[in-house]
Amino acid sequence: MNKTKTLVLVAHPHLADGSRVNARWARELQKHPESIEVRDLAAEIAANDGIIDADAWHAVLDSYDTIVFQFPVYWYSCPPVLRAWEDEVYTFGWSHGGERVLPGEPGRKMAGKKIAYAVSAGDAEEHYDEAGPVGFGVAQVLAPFHATANYLDATYVEKPWTLFGAEAGLSDEELDRNAEGYAEWVLSL
Ligand SMILES: Cc1cc2nc3c(=O)[nH]c(=O)nc-3n(C[C@H](O)[C@H](O)[C@H](O)COP(=O)(O)O)c2cc1C
């Protein structure tokens, strides 16, 4: 029923009270309620007494064919709320396991969905390189998410949306431009 809309799951521990980049991104996406549904994972889980309700999230995911995971890079990975969400929501018999069946059939519910990533990073773009201080590009940092998409038989969008240098003098104008580009990118998925 929502299949023409894109679901954006934001994983930030302080989206409403501390985030600058991810909050700005979310506000830009919320200008397109007819095409984009934005959900704040940490806030929704906190409102549910800290419980990640797998059945409820399965029902949400069932309604979308395109899903964007948006988060700030924390220790070259995602904030822990997203890892916890994956552990609870990707369950045996729903997303994987049992006999491999056709995409969309029981047990392979993420199969065939398009999955994309949007990440903000404090460090500079040129540092995210094999020859730079990080030692890895952003595609390599996101490798566990790419592998997870492969495991789920989902279609991984190879190029993430990014904003680097989130803490190094990023102007409001630069952030606005990036946020506007981000919304266009989500709409084009
Ligand atoms: C706990 C923590 C870990 C972080 N780890 C990284 C990191 O590994 N690499 C990086 O480039 N930035 C790192 N940062 C910086 C964040 O990615 C940056 O502050 C964030 O993307 C800005 O987005 P926001 O304004 O929505 O919080 C870290 C920040 C925090 C709080």
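Welcome! Begin by selecting the shell of residues around the ligand: 9 of them are nonpolar, 5 are polar and 3 are charged. As you look around, keep in mind that this model is predicted.

Of the 17 residues around the ligand, the ones that come nearest are H12, S19, S120, Y128 and E167. Keep S19 highlighted and look at its side chain, where a polar atom lies 2.7 Å from an oxygen atom of the ligand.

At R20, a polar backbone atom is 2.8 Å from an oxygen atom of the ligand. Move on to V73, where a polar backbone atom also lies 2.8 Å from a ligand oxygen atom. With a surface displayed, how much of the ligand's accessible area does the protein cover? On its own the ligand has 640 Å² of accessible area, and the protein covers 77% of that.

For the last stop, turn to the aromatic rings, which form 14 aromatic pairs. Select F71 and F145: their rings make a tilted pair, 5.5 Å from centre to centre with 45° between the planes. Then colour strand β3 (residues 66-72), which holds F71, and helix α6 (residues 143-151), which holds F145. The two residues are 74 residues apart, and their pair links distant parts of the chain.

Methods
Residues are numbered from 1 along each chain as its sequence is written. This is a predicted model: local features need pLDDT of at least 70, side-chain atom pairs count only at pLDDT 80 or more; totals for chains, interfaces and linings use all residues. Side-chain values use heavy atoms; hydrogens and water are left out. A residue is near a molecule or strand if one of its heavy atoms lies within 4 Å of it. A polar contact is a pair of N or O atoms within 3.5 Å; within protein, one must be able to donate a hydrogen and the other to accept it, and residues adjacent in sequence count only if both atoms are side-chain atoms. Accessible areas come from the Shrake-Rupley method with a 1.4 Å probe; for residues, only the protein chains shown count as cover. Ala, Val, Leu, Ile, Met, Phe, Trp, Tyr, Cys and Pro count as nonpolar, Asp, Glu, Lys and Arg as charged, and the others, Gly among them, as polar. Rings of Phe, Tyr and Trp (its six-membered ring) pair if their centres lie within 6.5 Å; planes under 30 degrees apart count as stacked, over 60 as edge-to-face and the rest as tilted. Helices (H or I, at least four residues) and strands (E, at least two) are DSSP runs, numbered from the N terminus.
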